[in-house]
Amino acid sequence: MTAGRGFVAVALVIFSKWHPLRAIAGALLFGGAIALQLQMQARGVPVSPFLLDMLPYLLSLGVLAVWGGARRHAAPASLGQVFRGTE
């Protein structure tokens with residue numbers, strides 16, 4: 001049960017560009033957006049709850065639009081190779 005957070009996970013992989021420290025920073029950023037959305041709803045902020053539900057996804061799209069740009073998305077070279085084991 002991911003509660004629709006799979007999109008955020010894919011955005012996190014694209015955002016981090018396969019770098020573990022960037023992945024940690026992105027997870028904290030996107031997790032903070034989800035926590036902020038829940039806190040704003042709990043405090044009764046006079047904003048539509050539907051708009052607050054969209055907050056983490058809008059942040060994900062915004063970060064990808066700014067960070068993703070025209071840069072080359074480099075995945076590890078061994079990602080497409082079959083693992084043969086250590087026979």
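**Contacts and helix packing**

Analyst: This is a predicted model. In it, the side chains of D53 and Q41 form a polar contact at 3.1 Å.

User: Which residues does D53 touch, leaving out those up to four places away in sequence?

Analyst: D53 sits in helix α3, which spans residues 49–68. Its C-alpha atom is 9.1 Å from that of Q41, twelve residues away along the chain. With residues up to four places away in sequence left out, D53 touches Q37 and Q41.

User: Does D53 count as buried, partly exposed or exposed?

Analyst: The relative accessibility of D53 is 37%. Buried needs under 20%, and exposed needs over 50%. D53 therefore counts as partly exposed.

User: How are α1 and α2 oriented to each other?

Analyst: Helix α1 covers residues 6–16 and helix α2 covers residues 20–42. Their axes lie 9 Å apart, at an angle of about 140°. Roughly antiparallel would need an angle over 145 degrees. The two helices, α1 and α2, are therefore oblique.

User: Which residues of α2 meet α1?

Analyst: The α1 side supplies V8, A11, L12, F15 and S16. The residues of this contact of α1 with α2 divide into seven nonpolar, two polar and one charged. On the α2 side, the residues are R22, A23, G26, A27 and F30.

User: Is S16 buried or exposed?

Analyst: S16 belongs to helix α1. It touches R22 and A23, not counting residues up to four places away in sequence. Its relative accessibility is 5%, so S16 counts as buried.

Methods: Residues numbered from 1 in each chain as written. Predicted model: local features only at pLDDT ≥ 70, side-chain atom pairs only at ≥ 80, totals over all residues. Heavy atoms only, no water. Axes fitted to C-alpha atoms, helices over the stretch in contact; angles between N-to-C directions. Helix = DSSP H or I, 4+ residues; strand = E, 2+ residues; numbered from the N terminus. Parallel < 35°, antiparallel > 145°, perpendicular 65-115°, else oblique. Contact = heavy atoms within 4.5 Å. Nonpolar A, V, L, I, M, F, W, Y, C, P; charged D, E, K, R; others polar. Buried < 20%, exposed > 50% of the residue type's maximum accessible area, 1.4 Å probe, protein only. Polar contact = N/O pair within 3.5 Å; in protein donor to acceptor, adjacent residues only side chain to side chain.
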